[in-house]
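Hi,

Here is the structure I promised to pass on.

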Amino acid sequence: MSPSGGDADVSEAVHRTAEDIGSMEIRGAATIAAAAAEALGEQAAASNAGTPEEFHAELRAAARVLYDTRPTAVSLPNALRYVFRDIEGDTVERLAASVHASVSEFCRRLETAQNDLGRVGANRLRDGDTIMTHCHSTDVVSCIETAVAHGKSLSAYVKETRPRNQGHITAEALAALGVDVTLIVDSAARRYLNEVDHVLVGADSIAADGSVINKIGTSGLAVNARDRGTPIVCAAQTIKLHPDTLTGHTVDIEMRDEREVIDEAAEREIGDIDVLNPAFDVTPPRYVDAIVTERGQFPPESIVTLMRELFGEGTTEPWAEA
Ligand code: RUB
């Protein structure tokens with residue numbers, strides 16, 4: 001084992017979580033963040049490190065495996081940073097206990113933030129309103145759940161969200177809450193926007209200029225919603241704020257396997273074609289009415305103030321090889 005982290009032992013649990021994130025068995029920015037933090041906790045608990053240096057090297061190696069899974073949701077590196085920030089101890093046992101405490105605190109804060117955000121978002125919804133959703137966002141569901149708990153009766157047009165159909169998860173979640181759900185194909189969205197009071201979407205990352213990076217199709221929906229005069233709200237905990245965009249970096253858009261779009265036989269039958277499968281897109285701030293966070297709601301253009309307050313001027317990568 002190398003104290004530099006190059007060959008450090010990474011636990012089975014971490015590899016399993018990384019595979020599940022890569023294959024989207026674990027998906028959605030908040031859920032990915034919690035899973036990554038918990039995997040670091042499992043790494044610490046399973047550690048056979050003989051020295052604190054070896055322990056740190058293992059943890060850094062584990063974080064790199066998790067970091068390399070999917071590039072767009074900044075909640076993943078933000079979660080890793082949170083856990084690393086609070087680690088202290090002069091023995092392996094104390095270090096492991098400190099990782100455990102840090103992971104527990106992170107997951108507790110994540111849950112609290114989602115509940116607080118839900119209360120803010122719910123205040124925007126009135127009894128009898130109709131919502132349109134895209135993909136599956138637990139932050140969005142939290143707003144709707146709170147509104148329903150406050151006695152509001154809601155309807156929803158739920159876009160199926162090709163190619164992975166995360167709309168089915170949203171449909172199930174909202175139907176279970178008692179929302180009157182209508183599932184539509186993505187291309188039917190514009191047809192029904194006239195009947196919609198709010199478009200509600202989540203975010204994988206939010207850039208310093210207020211751009212919302214979310215599931216592919218969000219930007220087209222937002223442009224259509226603006227054209228129809230339907231407010232579009234993004235529900236996103238502050239862990240979705242992308243601190244690197246403060247210093248001019250752009251958000252990496254994940255390209256996924258073409259087999260999610262078309263199977264091999266069908267493609268062969270069509271002939272010589274290219275297939276592209278971008279997982280996310282960027283919605284410019286002018287198409288977004290509000291970003292709802294656990295710290296209140298913000299016009300997208302002002303989110304940079306909150307980002308500076310929470311993340312300062314830049315970030316570190318504590319998992320980098322020493
Ligand atoms: C999920 C997606 C969700 C955000 C927010 O994409 O785009 O809208 O991650 O989700 P994928 P949450 O299915 O490719 O992971 O509010 O649960 O963090």
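Asn165 is found in the loop between strand 2 and helix 7, and has a positive phi of about 60 degrees although it is not a glycine. Pro163 has its place in that loop too, between strand 2 (155–159) and helix 7 (167–176). The peptide bond leading from Arg162 to Pro163 is cis, with omega near 5 degrees.

Before you go further, a word on the source: this is a predicted model, where local features need pLDDT of at least 70 and side-chain atom pairs count only at pLDDT 80 or more, while totals for chains, interfaces and linings use all residues. Residues are numbered from 1 along each chain as its sequence is written, and side-chain values use heavy atoms, with hydrogens and water left out.

Met24 also has a positive phi, near 70 degrees, and is a residue other than glycine. You'll find Met24 in the loop between helix 1 (12–22) and helix 2 (29–45). Is Met24 buried or exposed? Met24 is buried, with a relative accessible area of 7%.

Now the whole protein. It has 11 helices and 10 strands (DSSP runs numbered from the N terminus: helices are H or I with at least four residues, strands are E with at least two). The radius of gyration is 21 Å, close to the 20 Å that the globule rule gives for 322 residues, so the protein is as compact as a globular protein of that length. That radius is taken over C-alpha atoms, and the rule is 2.2 Å times the number of residues to the power 0.38. Along its principal axes, the C-alpha trace spans about 65 × 50 × 40 Å. Buried residues make up 53% of the 322.

There is also an open sheet of three strands, in the order 5-6-8, with antiparallel pairing (two strands pair if DSSP finds at least two bridges between them). Its edge strands are strand 5 (205–206) and strand 8 (280–283), each pairing on one side only. Strand 5 pairs with strand 6 (residues 212–215) over two bridges, in the antiparallel sense. Which residue in strand 6 is the bridge partner of Ser205? That partner is Ile213.

Cheers

Conventions. Buried < 20%, exposed > 50% of the residue type's maximum accessible area, 1.4 Å probe, protein only.
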